[in-house]
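Please read them with the structure open.

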Amino acid sequence: MRQIVKPIKDSWVLHSVQESLLKDFDLGCRNYTIFQTGKATLLRVSDVLRLKKSDVYDERGRVKKNAYIIDKKTKKPNTLYLNPIRQDLENYYDWLEEWQKEHPTQTVFYSPWLFPSFKRPEKHIDERRYYMIMYKVGKKLNIDYIGTHTMRKTGAYRVYEQTNHNIALVMKLLNHSSEDMTLAYLGLDQETREHILDTIDFG
């Protein structure tokens, strides 16, 4: 049966997922930062994992204001605003540098990829590996609706809720071509219809 991935709507559940990603894995800081990046940029997981250090950091290791990429699926240009995750990305950079010092024979800090595979640093972590990480978190927390798209859907849902349901903004951030597509992506098409029907006096 195909898993249905939904946004995390409850802040306590979100905190539990973040805590598990950070603390239940040897490479927790990387796994957590992938999640935070996907949530704040609303990128598909394939695009998050394909980010390069040079997209995000300047030559001094400082986080840039924006990253400019081409979405893998749509081939559309996308400008990412990195300020909401500046602190997470700075912490990750420091952690990666420290990890490199403790493992001098590895080359992860020097990999061009923002989120390298620690076994093969010339490659980025792949989607299958990150799916297994999210699967383990879902299993531990007994949440059956989280997967690799959780971060993107959760970020989109939080923007939608905190901007008083500005669907046009969410649509633009997701690089979608229609509002219907965005509502369906968030699982809000049926929910929205039902909410409207609840306000109707059918007499």
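1. Helix α1 crosses helix α6 with right-handed sense. The model is a predicted one. α1 covers residues 11-23 and α6 covers residues 127-141; the angle between them is about 120° and their axes lie 10 Å apart. Angles over 145 degrees count as roughly antiparallel and 65 to 115 as roughly perpendicular, and α1 and α6 are therefore oblique to each other.

2. On the α1 side, the residues that meet α6 are Ser16, Val17, Ser20 and Leu21. The α6 side of that contact consists of Tyr130, Ile133, Met134, Val137, Lys140 and Leu141. Sorted by class, the contact of α1 with α6 has 7 nonpolar, 2 polar and 1 charged residues.

3. Helix α2 packs against helix α5 (residues 86-102) at an angle of about 155°, and the axes are 10 Å apart. That angle makes α2 roughly antiparallel to α5. The two helices, α2 and α5, cross in a left-handed manner.

4. In the contact between α2 and α5, α2 contributes Cys29, Arg30, Tyr32, Thr33, Gln36 and Thr37. Their counterparts in α5 are Asp88, Leu89, Asn91, Tyr92 and Trp95. The class count for the contact of α2 with α5 is 5 nonpolar, 4 polar and 2 charged residues.

5. α2 also packs against α7, here at an angle of about 45° with the axes 7 Å apart. α2 and α7 are therefore oblique to each other. The crossing of α2 past α7 is right-handed.

6. Which residues make the contact of α2 with α7? From α2 they are Ile34, Phe35, Gly38 and Lys39, and from α7 they are Thr150, Met151, Arg152, Thr154 and Gly155. This contact of α2 with α7 divides into 3 nonpolar, 4 polar and 2 charged residues.

7. Turning to the pockets, the largest pocket has a volume of about 440 Å³. It is lined by 21 residues, and those closest to its centre are Ala40, Thr41, Leu42, Val159 and Leu173. Two or more lining residues come from each of α2 (28-41), β2 (77-81), α7 (150-162) and α8 (167-174).

8. Which element gives the largest share of the lining of the largest pocket? That element is β2, with 5 residues. By class, the lining of the largest pocket has 10 nonpolar, 7 polar and 4 charged residues.

9. The second largest pocket holds about 350 Å³ of space. Among the 15 residues lining the second largest pocket, Arg30, Ser117, Phe118, Lys119 and Arg129 are the closest to its centre. At least two lining residues of the second largest pocket come from α2, and at least two from α6. The lining of the second largest pocket divides into 5 nonpolar, 3 polar and 7 charged residues.

10. A point for cross-reading concerns α2. Arg30 of α2 is in the contact with α5, and Arg30 is also one of the residues closest to the centre of the second largest pocket. α2 supplies two or more residues to the lining of the largest pocket and at least two to the lining of the second largest pocket.

Methods
Residues are numbered from 1 along each chain as its sequence is written. This is a predicted model: local features need pLDDT of at least 70, side-chain atom pairs count only at pLDDT 80 or more; totals for chains, interfaces and linings use all residues. Side-chain values use heavy atoms; hydrogens and water are left out. Axes are lines fitted to C-alpha atoms, for helices over the stretch in contact, and angles run from 0 to 180 degrees between N-to-C directions. Helices (H or I, at least four residues) and strands (E, at least two) are DSSP runs, numbered from the N terminus. Angles under 35 degrees count as roughly parallel, over 145 as roughly antiparallel, 65 to 115 as roughly perpendicular and the rest as oblique. A crossing is left-handed if the near helix is turned anticlockwise from the far one by less than a right angle, and right-handed if clockwise. Contact means heavy atoms within 4.5 Å. Ala, Val, Leu, Ile, Met, Phe, Trp, Tyr, Cys and Pro count as nonpolar, Asp, Glu, Lys and Arg as charged, and the others, Gly among them, as polar. On a 1 Å grid over the protein atoms alone, a cavity is a set of points where a 1.4 Å probe fits but cannot get out, and a pocket is an open set with protein on both sides within 12 Å along at least five of seven lines; lining residues have an atom within 4 Å of a point. Grid points are joined across faces, edges and corners, and a volume is the space filled by probe spheres set on the points.
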